Amino acid sequence: VQLQASGGGSVQAGGSLRLSCAASGPILRVNVMAWYRQAPGKQRALVASISSGGTTNYADSVKGRFTISRDNAQRTVYLVMNNLEPEDTAVYSCNIVGVKTYPMVAFNAWGQGTQVTVSS
């Protein structure tokens with residue numbers, strides 16, 4: 001299973017960006033899809049997640065500003081980031097948990113990180 005992320009970049013504070021991450025490979029089912037971020041000198045932290053049923057979960061620091069969504073047919077997860085702050089500067093990585101086709105085993109895949117830089 002491979003994940004391809006895109007959409008990072010540099011913006012000024014108050015700007016917006018949209019990240020996307022598409023999964024490909026022998027996938028039977030996609031369960032949780034999530035975005036994590038790691039700022040310089042800090043540990044990787046969960047930004048937002050979305051279950052197969054559409055239940056979302058957000059870090060307190062991004063509630064009301066970020067929106068996670070998914071397209072099950074395209075096996076893609078999105079993160080719309082509005083009103084960005086310099087504190088949002090980090091490398092953002094997508095994570096998808098699901099089940100492969102054959103053999104029918106669980107997988108936990110990570111996409112390559114994409115840099116988001118917010119200047120004040």
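This is a predicted model: local features need pLDDT of at least 70, side-chain atom pairs count only at pLDDT 80 or more; totals for chains, interfaces and linings use all residues.
Strands of a sheet pair through backbone hydrogen bonds, and they can do so in a parallel or an antiparallel way. Here you are looking at an open sheet of four strands in the order 1-3-8-7, and the pairing is antiparallel. Strand 1 (2–6) and strand 7 (66–71) stand at the edges with a single partner strand each, so one side of each has no neighbour in the sheet. If you compare the directions of neighbouring strands in this sheet, ignoring which way they point, they are turned by 15 degrees against each other on average.

Now zoom in on strand 7. Its partner is strand 8 (residues 76–81), which runs antiparallel to it, and six bridges join the two. You can trace some of these bridges yourself: Asp 71 is partnered with Thr 76, while Arg 70 is partnered with Val 77. Strand 7 also has two faces to look at. Phe 66, Ile 68 and Arg 70 make up the covered face, whereas Thr 67, Ser 69 and Asp 71 make up the uncovered one.

Strand 7 and strand 8 form a hairpin with four residues between the strands. Most residues other than glycine have a negative phi. Arg 75 isn't a glycine, yet its phi is positive, at about 50 degrees.

Asn 83 is partly exposed, its relative accessible area being 44%.

Further along there is another backbone feature to find. Most peptide bonds are trans. The bond joining Tyr 102 and Pro 103, however, is cis, with an omega of about -5 degrees. To spot Pro 103, look in the loop between strand 9 and strand 10 (106–110).

Next, the disulfide. How many are there in the whole structure? A search finds one. Its partners are Cys 21 and Cys 94, with their sulfur atoms 2.0 Å apart. The link of Cys 21 and Cys 94 is right-handed, with 55 degrees about the S-S bond. Cys 21 belongs to strand 3 (residues 17–24) and Cys 94 to strand 9 (residues 90–100), so the pair ties together parts that are 73 residues apart in sequence. Both Cys 21 and Cys 94 are buried.

Last stop: the largest pocket, with a volume of about 160 Å³. Its lining consists of 13 residues, and those nearest the centre are Arg 37, Ala 39, Lys 42, Ala 45 and Glu 87. Which elements give two or more residues to this lining? They are strand 4 (27–38) and strand 5 (45–50). Strand 5 gives the most, with three residues. Sorted by class, the lining of this pocket has six nonpolar, four polar and three charged residues.

Methods: Residues are numbered from 1 along each chain as its sequence is written. Side-chain values use heavy atoms; hydrogens and water are left out. Two strands pair if DSSP finds at least two bridges between them. Axes are lines fitted to C-alpha atoms, for helices over the stretch in contact, and angles run from 0 to 180 degrees between N-to-C directions. A disulfide is a pair of cysteine sulfur atoms within 2.5 Å. Buried means under 20% relative accessible area, exposed over 50%, partly exposed in between (1.4 Å probe, protein chains only). On a 1 Å grid over the protein atoms alone, a cavity is a set of points where a 1.4 Å probe fits but cannot get out, and a pocket is an open set with protein on both sides within 12 Å along at least five of seven lines; lining residues have an atom within 4 Å of a point. Grid points are joined across faces, edges and corners, and a volume is the space filled by probe spheres set on the points. Ala, Val, Leu, Ile, Met, Phe, Trp, Tyr, Cys and Pro count as nonpolar, Asp, Glu, Lys and Arg as charged, and the others, Gly among them, as polar.
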